[in-house]
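Welcome, and please have your viewer ready. We will go from the whole chain to the inside, one selection at a time.

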Amino acid sequence: MNRFFKNIRQTLLMENKNSKYLKYAVGEIVLVVIGILIALAINNWNEERKIELGQTQFLKSLKEDLSNDLIQLNKIIEYQTGKLKTVSTLQNELQTTKNFEKIETLFTQSQYASNDTFFANTGTYTTSISSGAIANLTPESLKIAITTLYERFYYRLTYNGEVYDDRTNEVSFKRGEFYNKIDKKLVNPEVLNSSGFANLITVLLHDNNTYVDLANQTQREILKVLELINRRLKE
């Protein structure tokens with residue numbers, strides 16, 4: 001191809017056709033420029049395609065993490081809501097009827113063997129920060145929603161879960177003053193008039209209620225982010 005253009009140039013020069021040669025030279029330059037522009041456009045398209053594939057992979061991995069988080073959180077909400085209902089009924093009985101046998105039964109039911117709290121799957125999100133995937137993510141609204149979920153809702157729920165676990169262990173230790181864990185019975189009816197026992201129930205109810213409220217907020221936020229991710233993947 002270069003030899004072809006070279007031959008044309010030499011022919012025009014030998015024939016002293018300067019005006020034609022000038023036009024030809026300009027045309028050749030234009031073709032070169034167009035070629036460069038096309039090459040740049042292809043390169044930019046390849047780069048954009050590579051970024052898009054990276055974002056798609058990131059969103060698919062994040063979607064899997066969030067789906068697993070949602071399954072875990074749904075179970076925890078169900079568990080903690082049942083616990084909240086029991087403790088709420090217990091407090092109501094203590095403040096109204098003071099039926100010893102019923103309160104004893106409710107208190108026993110409130111003493112769960114474990115205190116399930118939430119632990120998020122953060123692998124994909126953490127990796128996206130170091131790789132820059134989250135920084136390059138579009139649209140901006142999706143990036144903000146994901147960041148808010150992890151940095152605000154997940155952080156707050158995890159922190160309160162740790163506080164809740166510590167408080168539950170503290171309550172478990174203090175209940176020995178009022179409750180025989182082996183026999184699963186209150187020590188005596190006078191417990192119902194104890195301010196310490198009433199405070200114990202209040203602490204249980206407050207911490208449980210706070211955690212359930214935060215868990216429900218986080219659940220709604222996960223669903224919101226999943227919806228945005230699904231919408232983005234369909235584009």
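Among contacts between residues at least 6 apart in sequence, what percentage join residues at least 24 apart? In this protein that share is 79%, where contact means heavy atoms within 4.5 Å.

Before selecting anything, keep in mind that this is a predicted model: local features need pLDDT of at least 70 and side-chain atom pairs count only at pLDDT 80 or more, while totals for chains, interfaces and linings use all residues. Residues are numbered from 1 along each chain as its sequence is written, and side-chain values use heavy atoms, with hydrogens and water left out.

**Start with the cartoon.** You will find six helices and two strands, taken as DSSP runs numbered from the N terminus (helices: H or I, at least four residues; strands: E, at least two). Walking from the N terminus, the order is α-α-α-α-α-β-β-α.

**Next, look inside.** Of the 235 residues, 33% count as buried, meaning under 20% relative accessible area with a 1.4 Å probe, protein chains only.

**Select Leu-62, Leu-66, Ile-146, Leu-149, Tyr-150 and Ile-222.** These have the most contacts inside the largest nonpolar core, which has 30 residues. Such a core is a set of buried Ala, Val, Leu, Ile, Met, Phe, Trp, Tyr and Cys residues joined through side-chain atoms within 4.5 Å. Helix 2 (18-95), helix 5 (140-174) and helix 6 (195-233) each give two or more residues to this core; helix 5 gives the most, with nine.

**Zoom in on Leu-66.** Leaving aside neighbours within four places in sequence, its contacts are Leu-149, Tyr-150, Tyr-154, Ile-222, Val-225, Leu-226 and Ile-229.

**Finally, select Val-171, Tyr-179, Leu-204 and Val-212.** They are among the 19 residues of a second, separate core.

Definitions and conventions: Buried means under 20% relative accessible area, exposed over 50%, partly exposed in between (1.4 Å probe, protein chains only).
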